[in-house]
Amino acid sequence: MGKSEHTILVLQGGGALGAYQAGAYEKLSERGKEPAWVAGISIGATNAAIICGNPPERRAERLRKFWHRVTLGPSCLPWLQGAKARAAYGEMVADTVVFSGTPGFFRPRLPAAYLPFGAEPPLSYYDTTPLRRTLEDLVDFDYLNASGPRLSIGAVDLETANFTYFDSARMRIGPEHIMASGALPPGFAPVEIEGRQYWDGGLVSNTPLQFVMDNLGADPVCIFQVDVFSARGEAPKNLVEVALREKDIRYSSRTRLTTDRYRQLHDIHAAAERLAEKLPEGMQGDPDLAYLRGLRPAAPITLVHLIHRKEQFESQAKDYEFSRLSMQAHWNAGAADTLRSLDHAAWKTRGKGGGLQVFDFCTFPEKGAAA
């Protein structure tokens, strides 16, 4: 009997867009796909900690509590019709967040902190002390470290610029590790852990997919890569769209890069196997051949891309537009894309043999646009 397939969640960074990941998780959970391992960057690390730091029956509820705590305004405005009105409302909320912060997450530093005679000049515009309290309230760190799914969180060492992963399989995870992964400068200050200072992992890579792929065992896995920035998009037509497209490219590109890299490694492995069949028996143990055969991960891998596509009301401020209205839209989009993928005929009939299978069932026109 073959080994059962483990589910792994890989969560990108993306601020307010992270509600898409929460909606995706909710539907995966309802379909019985609880993760054995969750890896995240920035807001993806926060979502990951809430998932790993609670028993399965409480995870979706705690995610919803988090996203209601950190967002502003009502979740329904029936009088607000059309993309332009929604965009104007979103920009207004984003401006509010810039000047006032958002509850349970971050707040602006007092003007006195910037005075030149201050003992310790600030290293950020905002104070994230509220986030620590939120994490302590919504994440059971004892459960996370003793019983929860494996949790891996990416951050960047401020002085060496080296990528660092805090991994519950190797160490105890606390609120400071989650906060380090989301400490995006200059908005948020670096977080000190054991004498080292760390910034947001998205400065180097906004997805932990490569870390996961490089650390797989031999058991079959199904990886759901939940991205909130889409690598693909239309050419911009004005400066507002330029800013939006630039942000999408900057924070999304490494997902495709990593996927393409592992496709290539599997192709090299297949070529090495074909070459081995042509070689005489005396060369079967050649170390160069063994190296080529060992390039790909040993595990059979199914990789499913769940990618948030731009909503018509979104602007370049979409990652700090913490309105409850947009949060609910992103949550619903993540849920819908997940169900679309799990109900797709190609998913239901997929093989479970060796190698790498990659699926993206959400390659559809911009939401709200005609097909």
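## Ground rules

Because the model is predicted, local features are taken at pLDDT of at least 70 and side-chain atom pairs only at pLDDT 80 or more, while totals for chains, interfaces and linings use all residues. Residue numbers start from 1 along each chain as its sequence is written, and side-chain values rest on heavy atoms, with hydrogens and water left out.

## A strand covered on both faces

Let's start with strand β10, residues 301-307. Helices (H or I, at least four residues) and strands (E, at least two) are DSSP runs, numbered from the N terminus. Seven of the seven residues in β10 are buried, where buried means under 20% relative accessible area, exposed over 50% and partly exposed in between (1.4 Å probe, protein chains only). One side carries Ile301, Leu303, His305 and Ile307, and the other carries Thr302, Val304 and Leu306.

Strands β9 (residues 221-227) and β10 run parallel and are joined by seven bridges; two strands pair if DSSP finds at least two bridges between them. Within this pairing, Leu303 in β10 has Ile223 opposite. Strand β11 (residues 356-359) also pairs with β10 in the parallel sense, over four bridges, and there Leu356 is the bridge partner of Ile301.

## The annotated pair

An unreviewed UniProt entry lists Ser42 and Asp200 under "active site". They span 159 residues in sequence, yet no two of their C-alpha atoms are more than 6.1 Å apart, so they gather at one spot. UniProt positions follow the numbering used here, feature names are shortened, and annotations may be inferred rather than shown by experiment.

Ser42 sits in the loop between β2 (37-41) and α2 (43-52), and its relative accessibility of 13% makes it buried. Asp200 belongs to strand β8 (residues 196-200) and is buried too, at 3%. Contact here means heavy atoms within 4.5 Å. Leaving aside neighbours within four places in sequence, Ser42 touches Gly13, Ser181, Gly182 and Asp200.

With a disulfide defined as a pair of cysteine sulfur atoms within 2.5 Å, the count is zero. For Cys52, the nearest cysteine sulfur is that of Cys222, 16 Å away. Cys52 is buried at 0% relative accessibility, and Cys222 is buried at 1%.

## Salt bridges

Side chains of opposite charge can pair when their charged atoms come close. A salt bridge is counted for a side-chain nitrogen of Lys or Arg within 4 Å of a carboxyl oxygen of Asp or Glu, and the structure holds 22 of them. One joins Glu34 and Arg59 at 2.7 Å, N to O. Glu34 lies in the loop between α1 (19-30) and β2, and Arg59 in helix α3 (residues 56-69), so the pair ties together parts that are 25 residues apart in sequence. Glu34 is partly exposed at 26%, whereas Arg59 is buried at 3%.

Arg132 takes part in a salt bridge with Glu136, whose closest N and O atoms are 3.3 Å apart. The two lie four residues apart in helix α5 (residues 129-138), about one helical turn. Arg132 also meets Glu176 in a salt bridge of 3.8 Å, N to O. Since Glu176 is in helix α7 (residues 175-181), this pair ties together parts that are 44 residues apart in sequence. Finally, Arg58, Glu61, Arg62 and Lys65 are linked in a salt-bridge network.
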